[in-house]
Amino acid sequence: MQRIRESIHIRTMKAKRKVEEISKEDVQAFLKKNAFVLFTVGAVVVGIILGFALRPYKMSYREVKYFSFPGEVLMRMLQMLVLPLLVSSLITGMAALDSKASGKMGMRAVIYYMTTTIIAVFIGIIIVLIIHPGKGSKAEFGKQQTIEQVSPADAFLDLIRNMFPPNLVQACTQQFKTRYGKRKVHVTITVNDTIFNSTNATQEVMEITREEVIPVPGQVNGVNALGLVVFSMCFGLIIGNMKEQGQLLRDFFDSLNDAIMSLVAIIMWYAPIGILFLIAGKIVEMDDLTQMGGQLGMYTITVIIGLLIHGVLILPMLYFVITRQNPFIFIAGLLQALITALGTSSSSATLPVTFKCLEENNKIDKRITRFILPVGATINMDGTALYEALAAIFIAQVNNMEMNFGQIITISITATAASIGAAGIPQAGLVTMVIVLTSVGLPTDDITLIIAVDWFLDRLRTTTNVLGDSIGAGIVEFLSRHELRSKDVEMGNSVLEEKERKKPYKLISQDSDLENDRRTHSESNM
């Protein structure tokens, strides 16, 4: 006990000394360094207070839209940068690595994405089975709307189709999506009358017309991020293998990436204002929470518990086990990206901020962030996977349907696959939920039961998605450190060789220029 007291006393004295040593300059330096984070956290707090303060005034839909306008401007600014940033960062990231190094990194990233997504799905399933939020009657919920039906097979094929867009310009604004149309089918049936009349065998021809639902090619608005990611990765690898021939293109995309990041730095000063109005506007707009049923309230708490377990326990534990570093120091550097994700509820719109936080605060290698983050923002959706698995079982509980082990496994597989296909846009998870529900024969119209709280849960799962992508970048950098060092050594050697090769050429050209100058000078003197 005496030793413990002494150690506590020594630590207290050290802490006291450190506090006493803090000067005015140290405080100013801290505030200057963390100004963005402090402003953003302040904006969230002020936004929540302002939102609840304005709720009693019962603002009309038009007034809420006008009030939320500064937030809408921020969303548009960030979305404007996503496309050039996604393409330029992936191309430069892939071009900076050889095919062997990028292959190893890609394998590590895919293993990480699959592992965390599967863990997230199982957390969602276990939590919803333990808490059982769907107990009670379906009458608690309001009137249901109809939801467009989607075939799981068509949704999976659409995912592959979107990976290979036939038109890159169109892929910047639209994605392929199977629509459903009806066509009339005429079937001719020959009825043999011999069964009824054995003496006079007659044949009668009947024509039956029936309607058939058929898949029709269609388009939906939104960046086809998956197609652009696949193209950019392949294009970057080709440029990297072209060596000197591809240097011009590499320099172009490098400059484009730097220019976009400079624009991000400017937009960051506006971000706190935008986040403030986005959050305040959503709070003013939301339905009366007192009228929310007990089942929906329990469902919301269940989702929050699941996301907290994944984001606060599982992901930091994975980071610590692999890197042996403090995960919470790493997460502290991501604070602004996480708050932006909470405000915008779009992992794609948060991408520019995530780049800035990882490269500047956490000092992650640019070759890693440029490769991992765009891919992660497109296919790694831990929060969405957890949410979809949990919501599917909740809907089954509301309908008093018992899920057997086979159906739970089917939900876990389809939730993992559907989360990959979920675009990084607000409430994209609701669209892919149809696939999960259809796979186990649950009523798809019941998705509307959870829409009332989806705007809030969407923000939380987006924050979990961004955290998962960022921790993935930290883990992949740690595991790929040897490849990155060897690549640095190779680059250093190649730069030296290039300098040596160019040196005599420059000297010859300079000598010849001097001789020419002398000749012209002597001729003029003549």
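Mentor: The protein chain has 21 helices and 4 strands, where helices (H or I, at least four residues) and strands (E, at least two) are DSSP runs numbered from the N terminus. This is a predicted model, in which local features need pLDDT of at least 70, side-chain atom pairs count only at pLDDT 80 or more, and totals for chains, interfaces and linings use all residues. Residues are numbered from 1 along each chain as its sequence is written, and side-chain values use heavy atoms, with hydrogens and water left out.

Trainee: Why is Ala392 called buried?

Mentor: Buried means under 20% relative accessible area, exposed over 50%, and partly exposed in between (1.4 Å probe, protein chains only). Ala392 has a relative accessible area of 0%, so Ala392 is buried. Ala392 belongs to helix α17 (residues 382-398).

Trainee: Which residues does Ala392 contact, leaving aside its neighbours within four places in sequence?

Mentor: They are Ile411, Met433, Val436, Leu437 and Leu442, with contact meaning heavy atoms within 4.5 Å. Val436 is 44 residues from Ala392 along the chain, and their C-alpha atoms are 6.9 Å apart.

Trainee: Why does Thr416 count as buried?

Mentor: Its relative accessibility is 9%, and therefore Thr416 counts as buried. Thr416 is part of helix α18 (residues 405-421). Not counting residues up to four places away in sequence, Thr416 touches Met114, Thr117, Ile118 and Val121.

Trainee: What lies 2.7 Å from a polar atom of the Thr416 side chain?

Mentor: The backbone oxygen of Ser412 lies at that distance.

Trainee: Why is Cys234 called partly exposed, and why is Cys357 called buried?

Mentor: Cys234 has 47% relative accessibility, so it counts as partly exposed. Cys357 has 3%, so Cys357 counts as buried. The structure holds 0 disulfides, a disulfide being a pair of cysteine sulfur atoms within 2.5 Å.

Trainee: At what angle do helix α5 and helix α9 pack?

Mentor: Helix α5 (residues 69-95) and helix α9 (residues 225-241) pack at about 35°, with axes 7 Å apart. Axes are lines fitted to C-alpha atoms, for helices over the stretch in contact, and angles run from 0 to 180 degrees between N-to-C directions.

Trainee: What residues make up the contact of α5 with α9, by class?

Mentor: There are 14 nonpolar, 3 polar and no charged residues. Ala, Val, Leu, Ile, Met, Phe, Trp, Tyr, Cys and Pro count as nonpolar, Asp, Glu, Lys and Arg as charged, and the others, Gly among them, as polar. The α5 side includes Leu83, Leu86 and Met94, and the α9 side includes Ser232, Phe235 and Gly240.

Conventions: A polar contact is a pair of N or O atoms within 3.5 Å; within protein, one must be able to donate a hydrogen and the other to accept it, and residues adjacent in sequence count only if both atoms are side-chain atoms.
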